[in-house]
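Let us walk through this structure from one end of the chain to the other. Keep the 3D view open and follow along.

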Amino acid sequence: MGPARSGTGIHIDPLGTSAWNALVRGHKRWCLFPTITPKDMLKAKPGEGWKNRDEAVTWFTYVYPRVKDPSWPKEYAPLEILQKPGETVFVPGGWWHVVVNLDNTIAVTQNFCSTTNFPIVWHKTVRGRPKLSKKWYRELKKSRPDLAAVADKVDLSQPTGINSDSSSSGSSSSSSDSSSDSSDSEDSRPKSKKRKRTRSLTPNGSKSRSHSRSRSQSLDRRSISSTPKNSR
């Protein structure tokens with residue numbers, strides 16, 4: 001559900017999945033681009049939209065006019081759709097897309113993996129979500145051994161040819177560069193480092209924790225934090 005001017009900014013759905021969107025009420029405006037379209041051509045430039053840079057309305061305000069300019073490469077031409085109630089839009093895996101609600105809308109949408117796009121989704125899941133891929137593989141061995149056999153044959157050392165957008169990893173219809181080859185490095189996302197703690201036994205046998213910072217450093221920090229905030 002969404003009011004007018006709401007929507008989803010330009011992105012690629014995660015892990016190579018495809019999607020369908022069935023509209024119950026209202027109208028949606030879509031723009032879809034081939035997976036080979038360079039990301040930097042589709043994203044709003046710095047200063048466009050400011051804090052709302054990634055919003056759909058910002059995209060249609062600033063980027064869409066550039067897309068319609070005669071100088072826009074024909075190989076990156078968009079597929080434009082005005083979706084009406086009762087219509088279903090299919091979004092191919094790897095395609096960039098942006099959608100804005102023109103009025104109050106109600107829709108049902110789902111990302112999916114089928115036997116058609118399974119090799120691509122499996123490739124990206126192994127590289128981007130290794131723990132999930134292991135659980136998935138165990139289930140496939142039980143219920144779909146035919147797909148498990150397909151998974152065994154997928155060459156993970158070769159690119160899928162389908163682009164990815166790391167900013168959409170948590171969203172569905174949300175960084176890669178303009179080439180589809182480098183787009184498969186979904187597992188290269190930086191991992192957060194946890195602070196190490198050391199444990200030692202106290203005389204009574206209980207465990208105590210100590211941080212890497214020395215006592216003198218903490219005292220120095222106290223002296224700094226005692227400075228009035230308005231004088232910094």
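Arg5 sits in the segment before β1, which spans residues 7-11. The model is predicted. In this model, Arg5 has a positive phi of about 80°, although Arg5 is not a glycine. Its relative accessible area is 60%. The cut-off for exposed is over 50%, so Arg5 is exposed.

Trp50 lies in the loop between α1 (39-42) and α2. Its phi is near 50°, again a positive value in a residue other than glycine. Is Trp50 buried or exposed? With a relative accessible area of 72%, Trp50 is exposed.

Glu48 belongs to the loop between α1 and α2. Its relative accessibility is 13%. Buried means under 20%, so Glu48 counts as buried. Which residues does Glu48 touch, leaving aside its neighbours within four places in sequence? The contacts are Arg53, Thr58, Tyr62 and Arg66. There is also a C-alpha separation to check: Glu48 and Thr61 are 13 residues apart along the chain, and their C-alpha atoms are separated by 9.0 Å.

Now turn to the interior. In soluble globular proteins, nonpolar side chains tend to be buried together. The largest nonpolar core here has 17 residues. Ile10, Cys31, Phe33, Trp59, Phe60 and Val98 have the most contacts inside this core. Which elements each supply at least two of the core residues? They are β3 (28-33), α2 (56-67) and β6 (96-101). Helix α2 gives the most, with six residues.

Set aside its neighbours within four places in sequence, and Phe60 is in contact with Arg29, Cys31, Pro65, Val98 and Val100. A second, separate core has seven residues, including Leu140, Leu147, Ala148 and Val154.

Helix α4 covers residues 130-143, and helix α5 covers residues 145-153. Their axes come within 6 Å and cross at roughly 135°.

Helix α3 (residues 118-128) joins the picture here. Its buried residues pack against α4 and α5. They are Phe118, Val121, Trp122, His123, Lys124, Thr125 and Gly128. An α-helix has 3.6 residues a turn, so residues three or four places apart point the same way.

Last, the cysteines. A disulfide is a covalent bond between the sulfur atoms of two cysteines. How many disulfides does a search of the whole structure find? The search finds zero. Cys31 has 0% relative accessibility, so Cys31 counts as buried. Cys31 is also among the residues with the most contacts inside the largest nonpolar core. Cys113 has 33% relative accessibility, so Cys113 counts as partly exposed.

Methods: Residues numbered from 1 in each chain as written. Predicted model: local features only at pLDDT ≥ 70, side-chain atom pairs only at ≥ 80, totals over all residues. Heavy atoms only, no water. Disulfide = S-S within 2.5 Å. Buried < 20%, exposed > 50% of the residue type's maximum accessible area, 1.4 Å probe, protein only. Core = buried A, V, L, I, M, F, W, Y, C linked by side-chain atoms within 4.5 Å. Helix = DSSP H or I, 4+ residues; strand = E, 2+ residues; numbered from the N terminus. Contact = heavy atoms within 4.5 Å. Axes fitted to C-alpha atoms, helices over the stretch in contact; angles between N-to-C directions.
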